[in-house]
Amino acid sequence: MNTRITTLDAPPSLVNVVHLVYALHALGLAIGAFGAASVLGSFLFGWPSIIAVILNYVKRGEARGTWLESHFDWQIRTFWWALLWALLVAGVSILLAVVLVGFATWAVGMFALGVWAIYRIARGWLRLKDRQGMPAAQAG
């Protein structure tokens with residue numbers, strides 16, 4: 001496992017921002033799990049995750065060179081990879097819908113991506129709690 005080594009400690013206020021971003025993503029996932037939207041749909045298009053991604057981009061420069069930089073990258077990659085894979089699943093499912101298989105690929109694909117997003121947010125938040133950086137340059 002590749003973990004970045006950094007020498008600069010992060011200010012407590014920035015640690016709180018990263019906790020807030022994980023909390024917003026978790027709220028988006030929970031809204032999807034317990035509401036009318038899908039888990040992945042709520043994660044990608046719900047206001048909590050949209051706010052979280054905006055915070056990531058606004059505050060990411062402050063994390064450069066600290067152990068939190070990997071968390072910012074992890075959170076941003078989680079969001080964009082989920083969107084990319086959701087578009088891919090949607091495209092394949094639309095093509096396969098003519099033979100009715102597309103409905104199954106849509107359901108299975110979106111469920112799997114929802115589980116993947118939950119895993120990514122939980123893993124990142126737990127490592128943040130333990131003051132550990134995230135593995136570098138991994139999508140999963």
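Predicted model: local features only at pLDDT ≥ 70, side-chain atom pairs only at ≥ 80, totals over all residues.
Let me turn to the interior. Of the 140 residues in the chain, 42% count as buried. The largest nonpolar core holds 30 residues, and those touching the most other members are Tyr-22, Leu-40, Phe-43, Leu-44, Leu-68, Phe-72 and Leu-128. Two or more residues come from each of helix 1 (12–34), helix 2 (39–45), helix 3 (47–59), helix 4 (69–96) and helix 5 (102–129). Helix 1 gives the largest share, eight residues.

Beyond its neighbours within four places in sequence, Leu-68 is in contact with Ala-10, Leu-14, Val-15, Val-18, Ala-63 and Leu-128.

With 13 residues, helix 3 reaches 18 Å from its first C-alpha to its last, close to the 18 Å expected. Which residues of helix 3 are buried? They are Pro-48, Ser-49, Ala-52, Val-53 and Asn-56. Viewed down the helix axis, these residues fall within an arc of 130°, and therefore line one face of helix 3. Their cover includes helix 1, helix 2 and helix 4. On the other side of helix 3, Trp-47 and Val-58 are exposed.

Finally, the surface. The accessible surface of the chain comes to about 7500 Å², and 75% of that area belongs to carbon and sulfur atoms.

Methods. Residues numbered from 1 in each chain as written. Heavy atoms only, no water. Core = buried A, V, L, I, M, F, W, Y, C linked by side-chain atoms within 4.5 Å. Buried < 20%, exposed > 50% of the residue type's maximum accessible area, 1.4 Å probe, protein only. Helix = DSSP H or I, 4+ residues; strand = E, 2+ residues; numbered from the N terminus. Contact = heavy atoms within 4.5 Å. Expected span 1.5 Å × (residues − 1). Arc of directions from axis to C-beta. Areas by Shrake-Rupley, 256 points an atom, 1.4 Å probe, with all protein chains shown as cover.
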